[in-house]
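Please examine the sequence and the model shown here. The briefing that follows treats selected loop residues and strand pairings.

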Amino acid sequence: MSVLVIAEHDNGQLAPSTLATVTAALAIDGTVDVLVAGHGCSAVAERAATVAGVARVRVADAPHLDHWLAENLAPVIVGLSDDYQHLLAPASTFGKNLMPRVAALLDVQQISDITVVESADTFVRPIYAGNALATVQSTDSIKVITVRPTAFDKAAAEGGSGAVEPVDPGADSGRSRFVDQQLTESSRPELTAAGVVVSGGRGLGSGENFRLLEELADTLGAAIGASRAAVDAGYVPNDYQVGQTGKVVAPDLYIAIGISGAIQHLAGMEGSKVIVAINKDEDAPIFEVADYGLVGDLFELVPELTQKLKG
Ligand code: FAD
């Protein structure tokens, strides 16, 4: 019995989260297949076949799978499920949208956001915004799992020679349809894949003041993130949000500016390798997780830091 990884991609490139999910899958079983579903996604399938450890790439290519609507994609996965004991997807917006429907159709309990594979039926997952780790054992005959991508190394993109085979893409369920998408245009790295993240909070005071962070981020080649308070106040779009109900990031360097360090924010960034905090309140909880802290007014410290870095 092998493991099926549902690939996250954009019909052109395989997302890094897929590579991390392959690593989790290989920790469960040595035989890992990947499902590439989409439209015009043959290039992605070819790339998936070269990922180290991938035995077989199954491709469902059809117009109704173009935008990965869960209503159309879940039945394709269920149709393949007889061949697998584990179905894995990244715990990203993609996987969180898709896998609950797969679990419901199979009438099993989903295991969400795993960070450790202990064995084929036992997994560790953070609960209470990361304040506790639950070890969960599943007796379901088929395990539907989402994987926290930042908790696993990415599988090597080269070195594999999996077979590529088409599978039945099913039919359009007619239950939902793609209307529109509004993507944030940015030349900066994607938040969850960036090596450096500069994040701003309510302390910035306005969307305009986020320009200060943009200059710092551009100097460091960083992505920009934000606290929920900054997003709720309309300073930045909500896809910037880091935290329990936002994105989980684990960059080499995370710079939290004007962010107090609420547990819901920490849940999204405390896995970062080095954390720097800039806050005028020396008692702000962010300093409890920070490796380096600057106590002072961000409107003075951030331009000074940017100038020194440009140096
Ligand atoms: P504040 O807590 O208001 O902190 C602002 C900080 O800026 C303060 O520490 C202040 O000292 C500092 N500051 C102000 N002015 C300056 C200055 N001039 N110079 C330097 N420092 C300054 N939050 C998230 O971030 N992500 C989530 O995913 C998330 N999910 C949530 C889910 C639930 C169910 C709930 C209940 C809450 C969630 N929250 C989340 C909200 C969270 O509880 C906090 O309210 C939020 O993180 C606070 O954002 P903040 O740190 O920007 O704002």
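Leaving aside neighbours within four places in sequence, Arg-175 is in contact with Glu-71 and Arg-101, where contact means heavy atoms within 4.5 Å. This is a predicted model, in which local features need pLDDT of at least 70 and side-chain atom pairs count only at pLDDT 80 or more, while totals for chains, interfaces and linings use all residues. Residues are numbered from 1 along each chain as its sequence is written, and side-chain values use heavy atoms, with hydrogens and water left out.

**Arg-175**
- Arg-175 is found in the loop between strand S10 (163–166) and strand S11 (196–200); helices (H or I, at least four residues) and strands (E, at least two) are DSSP runs, numbered from the N terminus.
- Arg-175 counts as exposed, at 67% relative accessibility (buried is under 20% relative accessible area, exposed over 50%, partly exposed in between, with a 1.4 Å probe and protein chains only).

**Lys-280**
- The loop between strand S14 (274–279) and helix H8 (286–289) holds Lys-280.
- Lys-280 is exposed, its relative accessible area being 71%.
- Not counting residues up to four places away in sequence, Lys-280 touches Val-295, Gly-296 and Asp-297.

**Strand pairing**
- Strands S2 (residues 32–38) and S3 (residues 54–61) run parallel and are joined by seven bridges; two strands pair if DSSP finds at least two bridges between them.
- Leu-35 stands opposite Arg-58 in S3.
- S3 also pairs with S10 in the parallel sense, over four bridges, and Arg-56 has Ala-163 in S10 as its bridge partner.
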